[in-house]
Amino acid sequence: MNNKYTTWSSLPDTLTAAHISEFLGISRKTVYELFKLSTEHGGIPNFEIGASKRVEKSDLEAWIQAQKQKKVNVPAV
């Protein structure tokens, strides 16, 4: 990959695990683990094209917002 996917505008509309990994600064393995989880349990919504998994940019944005909201709604201990 020659592009650096570090800004929202640099991301394509349909994302691979590699795009998400680079953008979020996490391993591809972690991205694939998040793909396996149901969205109710914090998983990243995705779809398959053959054996490949893809994510719509708008779904990633909604997932990030949901993760931030979960953090805000955690009661203090």
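How many aromatic pairs does the structure hold? It holds two. Before the exercises, note that this is a predicted model, in which local features need pLDDT of at least 70, side-chain atom pairs count only at pLDDT 80 or more, and totals for chains, interfaces and linings use all residues. Residues are numbered from 1 along each chain as its sequence is written, and side-chain values use heavy atoms, with hydrogens and water left out.

**Exercise 1.** Classify the ring pair of Y32 and F35.

Solution.
- Pairing requires ring centres of Phe, Tyr or Trp (its six-membered ring) within 6.5 Å; planes under 30 degrees apart are stacked, over 60 edge-to-face, and the rest tilted.
- The centres of Y32 and F35 lie 5.7 Å apart with planes at 90°, so this pair is edge-to-face.
- Both belong to helix α2 (residues 28-36), three residues apart, which separates them by about one helical turn. A helix here is a DSSP run of H or I with at least four residues.
- Accessibility comes next: buried means under 20% relative accessible area, exposed over 50%, partly exposed in between (1.4 Å probe, protein chains only). Y32, at 38%, is partly exposed, whereas F35, at 6%, is buried.

**Exercise 2.** Describe the two salt bridges of the structure.

Solution.
- The criterion is a side-chain nitrogen of Lys or Arg within 4 Å of a carboxyl oxygen of Asp or Glu.
- K36 and E33 meet it at 3.6 Å, N to O. They sit three residues apart in helix α2, about one helical turn. K36 is exposed at 65%, and E33 partly exposed at 40%.
- K53 bridges to E48, with the closest N and O atoms 2.7 Å apart. Here K53 is partly exposed at 24%, while E48 is exposed at 53%.

Conventions:
Helices (H or I, at least four residues) and strands (E, at least two) are DSSP runs, numbered from the N terminus.
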